[in-house]
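Welcome, and take your time with the picture below. We will walk through it one piece at a time.

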Amino acid sequence: MSVGMAAPRAPYACDPDRSRGRLVAEPPSRTRSPFRRDCDRVIHSTAFRRLKYKTQVFVFHEGDHYRTRLTHSLEVAQIARALARQLGLDEDLTETLALAHDLGHPPFGHAGERALDACLKEFGGFDHNAQTLRVVASLEHRYPEFDGLNLTWESLEGIVKHNGPLTDRSGCPVERYRERGVPVGIADYVKTYDLELWSFASLEAQVAAIADDIAYDAHDIDDGLRAGLFQLDDLKVMPLTAEIIAETSAHYPDLEDVRRGAELVRELISHLIGAVLAEAQKNLAAVKPQSARDVRQQSRALIAFPAEVAEEEAAIKTFLYQHMYRHERVMRVMAEAEQILFDLFAKYVKSPAELPPEWLLGAEADNEGDRARRIGNFIAGMTDRFALTEHQRLFDSTPDLR
């Protein structure tokens, strides 16, 4: 099969005709598969549009060319579809999960997540995957017969488990959930609709997860170069990027740095996609899954980087952590952004009437934990721009975040 051609549907792909359905039963669409319908619902959601003004690394007003959560999600979807196409997976489900994976992120990137987690510490904390589930299960109000988007079981499973199981078969939390337990929003939801937290998710979900890693490794290098946080030659400390830079220089000795950087990003994405495909094909040949159920029963993810490429990818993350995410300029802005959310949360707790009227419906029956979560949901849905506007409305002084 030549590169670029779609593989026939694989037996281990999720089959939309065999979907486990939706929590609220609906008549089937006359023109779309259940997974295509899910994807369209995500695209038309309010939460998806808000991603345009939510921080990836740089706050929206620092420049028009930096990634936002929206453009990041689109890049993840492009990479995920490319992988799904070559592996014979369902592209619609893969795209749904790629586009939905960041719907629960609050304003100001990981700084916003840290702030809300601290604010909600006594009430289960904040987890962006759990918040994404809340968005698609209840917080979107677009349909007459249900709250949320009423996505298929397969889409909900992928949203919750794309990074792997949350528990073992006995229900005990595993991996990063071992210390704090399954996030409260997920733990509550699965009492109503069992997403089998003990199993691995579909290959479509695994593809979306690794596409996320590939996308932000590449585009954070691109954004870091644009911002001047590091120079192209600084990336020569890593063998993989050094090799790509050297090959580009050999082919194009007089190329300016902007184009050299763009070539590095393109070649890096191609290298990582190729490595994932080779490893996935090796794993699938060894395991020979005959259904999506077989995939879920495995003891490890089948979509992964080969060991040597995993080391290369980890080195990129370490470089970005040291030279970008922990850069003095980024740290200063994010510390100010965290304080903005601390201020807003405290203000709404003290003066709930400052919340919009639609967010106060039913609030009279709330206990302290319900009130805190309601405020957390409101803040998590804010864009960077709206959070700044709200802070300016409620306080005498607001940081510029530049």
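Which helices do the buried residues of H16 pack against? They pack against helix H14 (328-350) and helix H15 (368-380). Before going on, please note that this is a predicted model, in which local features need pLDDT of at least 70 and side-chain atom pairs count only at pLDDT 80 or more, while totals for chains, interfaces and linings use all residues. Residues are numbered from 1 along each chain as its sequence is written, and side-chain values use heavy atoms, with hydrogens and water left out.

Helices (H or I, at least four residues) and strands (E, at least two) are DSSP runs, numbered from the N terminus. A residue is called buried when its relative accessible area is under 20%, exposed when it is over 50%, and partly exposed in between (1.4 Å probe, protein chains only). Contact means heavy atoms within 4.5 Å.

Now look at helix H16 itself, which spans residues 384-394. Its buried residues are Asp384, Ala387, Leu388, Glu390, His391 and Leu394. They cover an arc of only 160° around the axis, which puts them on the same side of H16. That arc is taken from the directions from the helix axis to the C-beta atoms.

Next, find helix H4 (residues 91-100). H4 is mostly covered, with 8 of its 10 residues buried. These buried residues are Leu93, Thr94, Glu95, Thr96, Leu97, Ala98, Leu99 and Ala100. The elements that cover them include helix H1 (34-43), helix H2 (46-50), H3, helix H6 (128-139), H7 and helix H9 (203-227).

How do we describe such neighbours? Two packed helices are described by the angle between their axes and the distance between the axes. Here the axes are lines fitted to C-alpha atoms, for helices over the stretch in contact, and angles run from 0 to 180 degrees between N-to-C directions. Angles under 35 degrees count as roughly parallel, over 145 as roughly antiparallel, 65 to 115 as roughly perpendicular and the rest as oblique.

On the H3 side, Ser73, Leu74, Val76, Ala77, Ala80, Arg81, Ala84 and Arg85 meet Glu91, Thr94, Glu95, Ala98 and Leu99 of H4. Sorted by class, the contact of H3 with H4 has 7 nonpolar, 2 polar and 4 charged residues. In this sorting, Ala, Val, Leu, Ile, Met, Phe, Trp, Tyr, Cys and Pro count as nonpolar, Asp, Glu, Lys and Arg as charged, and the others, Gly among them, as polar.

H3 has another partner to visit. H3 and H9 pack at an angle of about 130°, with their axes 8 Å apart. That makes H3 oblique to H9. Their contact involves residues of H3 including His72, Ile79 and Leu83, and residues of H9 including Val207, Ile210 and Tyr216. By class, the contact of H3 with H9 has 13 nonpolar, 2 polar and 2 charged residues.

Phe108 sits in the loop between H4 and helix H5 (109-119), and Phe108 is buried, with a relative accessible area of 0%. Most residues other than glycine have a negative phi. Phe108, however, has a phi near 65°, a positive value in a residue other than glycine. Glu196 also has a positive phi, of about 55°, although it is not a glycine. You will find Glu196 in the loop between H8 and H9, and at 18% relative accessibility Glu196 counts as buried.

Is Leu360 buried or partly exposed? Leu360 is partly exposed, with a relative accessible area of 27%. Leu360 lies in the loop between H14 and H15. Leaving aside its neighbours within four places in sequence, Leu360 is in contact with Pro352, Ala353, Leu355 and Arg374.

Our last stop is Asn377, in helix H15. At 12% relative accessibility, Asn377 counts as buried. With neighbours within four places in sequence left aside, Asn377 is in contact with Gln131, Arg134, Leu139 and Trp359.
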